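Take a moment with the sequence and the 3D view. We will walk through the fold piece by piece.

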Amino acid sequence: MPKDRFSVSKKLEDNLAVLEAELGYGVTFDLVFRKLKIAHKQSCLVFFDGFVNDVAVIHILRALQAVPRTGVTFHALKQDLYDRIPYFELSSADDLEAAMDQLLSGAMLLLVDGMQEVVVLDVRQYVVRGSEEPALEKVTRGSRDGFVETALFNINLIRRRIRDPNLRFEALQVGRRSKTDVMIGYIKDVADPSLIQEVKDRIGAIDRDAIPMGGKNLEEYILGTVFNPLPVTRYTERPDVAAAHLLEGHVVIIVDTTPFVLIVPVTLWHFTQHAEEYFQNPPVGTYLRWIRTAGIFGSLILLPLWYTLSVSQNLPPWIAFIGPKEPGRLALWLQLLLLELGLDLIRMALIHTPDSLATSLGIVGAIILGDLAVSIGLFTGEAILYTAITAICSFATPSIELSNALRLFRFVLFFGAVVAGWWGLGAGLLVTFLTMGLTKSFGIPYLWPLIPFDGPALLRVIFRYPIPQVAVRPRLTQPQDLRAQKRDKKRR
């Protein structure tokens, strides 16, 4: 299509003809062309019904109709419009293609006959869901607000917590058709400039029609998570968690229509921590972290280890009780496999079940069917017990992405143990460890600070330090400003 087709003409009808043809006026019902006169000159407001704020538009119409016919030049008329329109977000576009991009984002266009420029009025309003506590990141104390599907609202939630003039949010667009707004957030004098530039380069390199699934689609493009199930970005729906990571030098990525933000770079240990630890005293927070980490490790190793011990011969007396005394009608490995698949099936059924019926489904699936299976001898009681403990450990994992990844690695360990016993279990652990060791998030080793070893940083992972003692930002992100606290020696 010729480029000059989108040049703004001095004739209003020519401009409207291009907009009508490109946008499907008369076919799409929600496109509105509102013609009026401004200073006795033919003009037109173009907008999509439902996107604009009606009250603001009424005030703008009153102001436009009050513009006097002065008989001056179009430059003077343009200045008069800018002076009289009672609205904050006012800009202009010098070609119709840029104007249409703004229109499709929800803005309203003003075209005046004889004026070779389009006035863009940002009077958009989106449907905003009320901010509420995220279901996956609940805390006993702390704020109850959470991110929503509107990017600007999410940015405001972060700015409430970080009132730093160096806090930046750069806007990009992804998708030739969707033109999805993507915001990159960072603190200018804290975040590593090379990290910021790499994030922008990876997002800018995306060449796609659309990213309909929002943040998840974006992650697969910029992080290449295709075959590796381990999460290499942290999702959070909590503004306080996002603010805490910004202050440590991380970069957050906000995608419009997505009720969570992406935090990069991350390591494995970011997925073992939870905001609840920081709403408790340091000793309690440390205890919770240890218990949670033990549960995460248990979700990976408990079931394969119990199976290996159950089928082993000549166990030491102190663990000789392990293993079912009555084997059941099915082989033990088949029992565990069916129970694992059954739990996943129940989990998926609960997702697709209305809330009013979810409790009933859980009782039927987990209690009644399990009891009947033991009664008829299909499964052994111990197999159900250890499968249930493993499921509880999985639910204790703060990150559902890490929990799902560990489930796949648990299958690797389990099948290794079934095929080759202790050797197979060891080989599965080696594969899991190597996968974690070779995984990186924006060049950061996944197992840092364990591999490569960093003693002080590892202690901060093991223990929940009191906040007044955290004077240095983590070296993981290579922050420009390493000091988190600047104490005045004279006052000490």
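Is Phe415 buried, partly exposed or exposed? Phe415 is partly exposed, with a relative accessible area of 37%. Keep in mind that this is a predicted model. Now look at Phe414. Its relative accessible area is 5%. The cut-off for a buried residue is under 20%, so Phe414 counts as buried.

These two residues also meet through their rings. A pair of aromatic rings is described by the distance of the centres and the angle of the planes. For Phe414 and Phe415, the centres are 5.6 Å apart. The planes stand at 65 degrees to each other. That makes the pair edge-to-face, because the angle is over 60 degrees. The structure holds eight aromatic pairs. Ring pairs also build a cluster, which links Tyr307, Phe411, Phe414 and Phe415.

The charged end of Arg202 sits over the ring of Phe442, 4.1 Å from the ring centre. Phe442 lies in the loop between strand 11 (440-441) and strand 12 (444-445). Is Phe442 buried or exposed? Phe442 is buried, with a relative accessible area of 8%. Its backbone deserves a look too. Phi of Phe442 is near 55 degrees, a positive value in a residue other than glycine.

His40 also has a positive phi, near 65 degrees, and is likewise not a glycine. His40 sits in the loop between strand 1 and strand 2. This residue is exposed, with a relative accessible area of 56%.

Five strands form an open sheet in the order 1-2-4-5-3, and the pairing is antiparallel. Which strands stand at the edges? They are strand 1 (31-38) and strand 3 (90-93), and each pairs on one side only. On average, neighbouring strands in this sheet are turned by 25 degrees against each other, direction ignored. Strand 1 and strand 2 (residues 41-48) run antiparallel and are joined by eight bridges.

Start with strand 6 (residues 167-174) and strand 7 (residues 180-187). Eight bridges join these antiparallel strands. Phe169 has Gly185 as its bridge partner in strand 7. The two strands form a hairpin with five residues between them. Gly175 lies in the turn and has a positive phi of about 105 degrees. Next come strand 9 (residues 251-255) and strand 10 (residues 261-264), which run antiparallel with four bridges between them. Here Val252 stands opposite Ile263 in strand 10.

Follow the chain on from strand 10. A cis peptide bond joins Val264 and Pro265, with omega about -10 degrees. Pro265 is in the loop between strand 10 and helix 9 (282-311). Where does Pro449 lie? Pro449 is in the loop between strand 12 and helix 14. The peptide bond from Trp448 to Pro449 is cis, with omega near 10 degrees.

Finally, turn to the empty space. Rolling a probe the size of a water molecule over the atoms shows where empty space is left. How many cavities of 30 Å³ or more does the structure hold? There is one. The largest cavity has a volume of about 60 Å³. Its lining includes Leu303, Glu340, Asp344, Thr387 and Arg410. Helix 10 (332-351), helix 12 (381-395) and helix 13 (400-438) each supply at least two residues of this lining.

The largest pocket holds about 1,200 Å³ of space. It is lined by 44 residues. Ala244, Glu248, Tyr278, Arg460 and Val470 lie nearest its centre. Helix 8 (239-247) and helix 14 (455-462) are the elements that give two or more residues to the lining. The largest share, six residues, comes from helix 8.

Methods:
Residues are numbered from 1 along each chain as its sequence is written. This is a predicted model: local features need pLDDT of at least 70, side-chain atom pairs count only at pLDDT 80 or more; totals for chains, interfaces and linings use all residues. Side-chain values use heavy atoms; hydrogens and water are left out. Rings of Phe, Tyr and Trp (its six-membered ring) pair if their centres lie within 6.5 Å; planes under 30 degrees apart count as stacked, over 60 as edge-to-face and the rest as tilted. Buried means under 20% relative accessible area, exposed over 50%, partly exposed in between (1.4 Å probe, protein chains only). A charge sits over a ring if NZ of Lys or CZ of Arg is within 6 Å of the ring centre and within 35 degrees of the ring normal. Two strands pair if DSSP finds at least two bridges between them. Axes are lines fitted to C-alpha atoms, for helices over the stretch in contact, and angles run from 0 to 180 degrees between N-to-C directions. On a 1 Å grid over the protein atoms alone, a cavity is a set of points where a 1.4 Å probe fits but cannot get out, and a pocket is an open set with protein on both sides within 12 Å along at least five of seven lines; lining residues have an atom within 4 Å of a point. Grid points are joined across faces, edges and corners, and a volume is the space filled by probe spheres set on the points.
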